[in-house]
Amino acid sequence: MQTITGTDINKSAELLNSGSLVAIPTETVYGLAANALNQDAVLKIFETKGRPTFNPLIVHVHDANEFLKYAVEVPELVTKLAQSFSPGPITFVLPKKNNIPDIVTGGGDTVALRVPDHPLTLKLLAQLDFPLAAPSANPFGYISPVDARHVKDQLGGKIPYILDGGQCMIGIESTVVTVLSGKVVVYRLGGVSLEDLKDVVGDVELRIHGDANPVSPGQLKSHYAPTIPLKLGRMKDLLIEFASKKVACLTFSQNYFEENIIAESILSPGRDLHIAARNLFTALRKLDNSNAELILAERFPEYGLGLAINDRLERAAAEN
Ligand code: TXA
Ligand code: MG
């Protein structure tokens, strides 16, 4: 199959209408989209990604007012969060209606809904009469794509069209939340920070540590992983421990000068966590394509988007 990259919304809509897949830009990462109401189309997502079907997908809609088309109820706290952060990097897990096929939800009775904040994809959604199921557009377990080029590198030949919306401005996936017993529960850290959530709804509960049978499969321990082993810690300590290896370094703001460093990425010299998040996955790809034996990554500050960055780095460091 030939993969075309372009900015043609009509063509994207046509392909999606006919049950094909299209890679779509969002503010977080690129998604691999299909008509969420068409079981056969959604099945192609799992085949193309090599993703296990127990792992449920996010359903993207044009407007938070559409949540009630696909969810049985929308708790007050979700409405409040949606008013503050949608369109934007937040996903709501809600009790599903029967119009959402089981293949989308891994057979479960909840559906994850999100309004992406990207002009091309919002235009596309406005033109469709169905929502879009879309996981990140990467092979299962690998680093998420934040540029049309990344999608092409990995899914080229497997999908007909990549809607090119440039570089993703947030750069890490959405924050996944639900409401349980009147409380906001966070399943995955992401583009909306805990501090921002707390400003709107007060206290929140974290349930982000996965095991073999996670509630939310983004909690799988090894994920977002480069092919070269990645070690996470204090850079000074790591450089001592791995002094005999050829290494690639991922740091927040600082340069290091050891002779065994053969590649490096500094995510934000000005120490801005939003910029660091935006640069994270591109940097990991670059370092993964170096000839290093190991990637050494520095642990980020434990606040704001630093928490989501550390979460991704921990999963990248986890062994399969
Ligand atoms: O930013 C994003 O969320 C991107 C863009 C494309 O929207 N999408 C994305 O999709 O990251 P994916 O499939 O890579 O991650 C979806 C996350 C997973 O952690 C999944 O387990 C969780 O959402 N999820 C989906 N449906 C769920 C459900 N019903 N209950 C709990 N977690 C769910
Ligand atoms: Mg993903």
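A disulfide is taken here as a pair of cysteine sulfur atoms within 2.5 Å. By this rule the structure has zero disulfides. The model is a predicted one, in which local features need pLDDT of at least 70 and side-chain atom pairs count only at pLDDT 80 or more, while totals for chains, interfaces and linings use all residues. Residues are numbered from 1 along each chain as its sequence is written, chains are lettered from A and ligands numbered from 1 in the order in which they are written, and side-chain values use heavy atoms, with hydrogens and water left out.

Buried means under 20% relative accessible area, exposed over 50%, and partly exposed in between, with a 1.4 Å probe and protein chains only. Cys 168 is buried, at 1% relative accessibility, and Cys 249 is buried with a relative accessible area of 1%.

The protein chain as a whole has eleven helices and 15 strands; these are DSSP runs numbered from the N terminus, helices being H or I of at least four residues and strands E of at least two. The C-alpha trace spans about 60 × 50 × 35 Å along its principal axes. The radius of gyration, taken over C-alpha atoms, is compared with a globule rule of 2.2 Å times the number of residues to the power 0.38. For 320 residues a compact globule would have a value near 20 Å, and the 19 Å of the protein chain agrees with that. Of the 320 residues, 59% count as buried.

Contact means heavy atoms within 4.5 Å. Among contacts in the protein chain between residues at least 6 apart in sequence, 66% join residues at least 24 apart.

Ala 134 lies in the loop between strand 7 (132–133) and helix 7 (148–155). This alanine is buried, at 6% relative accessibility. Leaving aside neighbours within four places in sequence, Ala 134 is in contact with Ile 24, Gly 31, Leu 32, Ala 33, Ile 58 and His 60. The C-alpha atoms of Ala 134 and Ala 276, 142 residues apart along the chain, are separated by 25 Å.

Ser 193 is in the loop between strand 10 (183–188) and helix 8 (194–201). With 8% relative accessibility, Ser 193 also counts as buried. Beyond its neighbours within four places in sequence, Ser 193 is in contact with Gly 304 and Leu 305.
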